[in-house]
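This note sets out several points on side-chain arrangements for a reader new to the structure. Please read each point with the model in view.

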Amino acid sequence: MPSFREQLFLQFACQGITGSIDNFKSKYQPKKENRFNFDEITYETSPAKLSEGCLEFEISSKIPQDELLDRNDFESYFGAIKDVISPDEKQPIASDMENIVHEVVGEEEVKERDYVRLRYRYSFDEVCSNDLIAEEIAKYQQDPSLRELPEIANVNTLAGKLVLLLIEDFFQNEATARMDRLIEANQHVRQSFKQQMQTTSTS
């Protein structure tokens, strides 16, 4: 059972991720829940969750199967996405090619989709260092109008409230950065695959 502190951290991490996905949905084509569509690829961000004393979330994107020939190409596409993000300082703790099968209601058709799924994990020290907390306290004390503090039962200290806002900010920024990187990777890999297929067809 998560502690009260962990539940608060999780709540504000989820709020940050929601802020991120809302921004993407306003920028691109919105879809249901935590999803949006850009350039005919559907992207999704999961809510945060607690795992082994850390906070995690997942991002995913649909593999553009219509642009590829067969399942071997799907695997190659997934591998190419991982190669693009491999230099990133923040690496996913897990990366999977997830296969989802949907039965279309009222029809005999079965739709099968493959997704790139990346899971990221963050320790509390990574999210919110003591130096950052002290810096935020100093900023607020100089100008309280900079931020509106949340009203939370049993959280009465300035430091406690600012920590929660820092967690929310961190996860909004991080979820946005990871998703931007996945979009960039898809753009790069799709272009590369198109060029390969054009070369093959003309040779």
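1. Aromatic pairs. Rings of Phe, Tyr and Trp (its six-membered ring) are taken to pair if their centres lie within 6.5 Å; planes under 30 degrees apart count as stacked, over 60 as edge-to-face and the rest as tilted. A search of the whole structure on that basis returns 13 aromatic pairs. The pair of Y122 and F171 is edge-to-face, because the ring centres are 5.5 Å apart and the planes stand at 80°. This pair links distant parts of the chain, 49 residues apart: Y122 belongs to strand 7 (residues 110-122) and F171 to helix 5 (residues 158-202). Helices (H or I, at least four residues) and strands (E, at least two) are DSSP runs, numbered from the N terminus.

2. Basis of the values. The model is predicted: local features need pLDDT of at least 70, side-chain atom pairs count only at pLDDT 80 or more, and totals for chains, interfaces and linings use all residues. Residues are numbered from 1 along each chain as its sequence is written, and side-chain values use heavy atoms, with hydrogens and water left out.

3. Burial and the ring cluster. Y122 and F171 are both buried; buried means under 20% relative accessible area, exposed over 50%, and partly exposed in between (1.4 Å probe, protein chains only). Elsewhere, ring pairs join F24, Y28, F36, F38 and Y43 into a cluster.

4. Charges over rings. A charge sits over a ring if NZ of Lys or CZ of Arg is within 6 Å of the ring centre and within 35 degrees of the ring normal. K90 lies over the face of Y122, 4.3 Å from the ring centre. R5 is placed over the face of F124, at 5.2 Å from the ring centre.

5. Cysteines. How many disulfides are there, taking a disulfide as a pair of cysteine sulfur atoms within 2.5 Å? The count is zero. For C54, the nearest cysteine sulfur is that of C128, 14 Å away. C54 counts as buried because its relative accessibility is 15%, and C128 counts as buried at 1%.

6. Surroundings of S51. This residue is found in strand 4 (residues 49-51). With a relative accessible area of 17%, S51 is buried. Its side chain forms a polar contact of 3.3 Å with that of E56, and another of 3.3 Å with that of R121. A polar contact is a pair of N or O atoms within 3.5 Å; within protein, one must be able to donate a hydrogen and the other to accept it, and residues adjacent in sequence count only if both atoms are side-chain atoms.

Methods. A disulfide is a pair of cysteine sulfur atoms within 2.5 Å.
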